[in-house]
Amino acid sequence: VVSTQSTGKDSVVAGYQWAANEGVLCEENMRGVRIYIHGVALHADAIHSGGGQIIPTSRRVCYASDLRADPCLLEPVYLCESQCPEAAVGGSYGCLTKRRGHVFSELQAEGTPKFYVKAHMPVMESIGFSSALRAATGGQAFPQCVFDHWAEKTDNPMKEGSKPHTILKNTK
């Protein structure tokens with residue numbers, strides 16, 4: 001009986017890992033998910049309680065639990081740092097705003113007319129950002145973007161017409 005419970009636990013964990021690596025929405029890695037198991041009843045015959053039966057079932061249970069818990073999509077966000085003279089700061093702000101960017105720091109280097117602008121911008125909006133920024137600032141701003149964090153898409157991915165729902169439909 002002990003070996004059956006141990007095998008059952010390992011199979012449930014394997015099913016959870018499978019589900020966590022291939023999420024229910026876009027087959028993406030799931031983040032921040034915890035599932036509580038309150039009870040398990042295994043078939044007395046070992047042939048019916050092996051990994052081949054438990055792992056896929058565990059995965060489907062995890063998917064169903066995730067869908068019942070109002071899942072959301074996460075989008076990657078870049079930290080964008082750019083250097084530019086004071087005259088080009090307005091163009092930097094305009095370019096970032098058009099791409100859902102959020103400026104959180106603007107510092108002037110001491111003794112120079114150079115400004116350092118730091119902003120968060122969704123990775124999805126970064127395609128063509130360097131050339132657009134240079135065009136908006138007359139070639140005076142030089143951006144550098146690196147991954148910073150994941151941000152939750154605020155709309156419901158199950159609601160028809162929402163931006164996350166459109167992403168889901170285009171992904172699947």
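In this structure, β1 supplies the largest share of the lining of the largest cavity, 3 residues. The model is predicted, so local features need pLDDT of at least 70 and side-chain atom pairs count only at pLDDT 80 or more, while totals for chains, interfaces and linings use all residues. Residues are numbered from 1 along each chain as its sequence is written, and side-chain values use heavy atoms, with hydrogens and water left out.

A cavity here is a set of points, on a 1 Å grid over the protein atoms alone, where a 1.4 Å probe fits but cannot get out; a pocket is an open set with protein on both sides within 12 Å along at least five of seven lines, and lining residues have an atom within 4 Å of a point. Helices (H or I, at least four residues) and strands (E, at least two) are DSSP runs numbered from the N terminus.

A search of the whole structure finds 1 cavity of 30 Å³ or more. The largest cavity has a volume of about 40 Å³, a volume being the space filled by probe spheres set on grid points joined across faces, edges and corners. Its lining consists of C80, E81, S82, S92, L96, V117, F129 and L133. The elements giving two or more residues to this lining are β1, α3 (89-98) and α4 (129-136). By class, the lining of the largest cavity has 5 nonpolar, 2 polar and 1 charged residues; Ala, Val, Leu, Ile, Met, Phe, Trp, Tyr, Cys and Pro count as nonpolar, Asp, Glu, Lys and Arg as charged, and the others, Gly among them, as polar.

The largest pocket has a volume of about 610 Å³. Of the 25 residues that line the largest pocket, E28, N29, C72, L73 and L74 lie nearest its centre. Two or more lining residues come from each of α2, β1 (74-85) and α5 (163-171), and β1 gives the most, with 3 residues. The lining of the largest pocket has 14 nonpolar, 4 polar and 7 charged residues.

The second largest pocket, of about 380 Å³, is lined by 17 residues, with V12, I37, V40, S58 and V61 nearest its centre. Within this lining, α2 provides the largest share, 5 residues. The lining of the second largest pocket has 12 nonpolar, 5 polar and no charged residues.

V40 lies in the loop between α1 (2-21) and α2 (51-68). V40 counts as exposed because its relative accessibility is 58%, exposed being over 50% relative accessible area, buried under 20% and partly exposed in between (1.4 Å probe, protein chains only).
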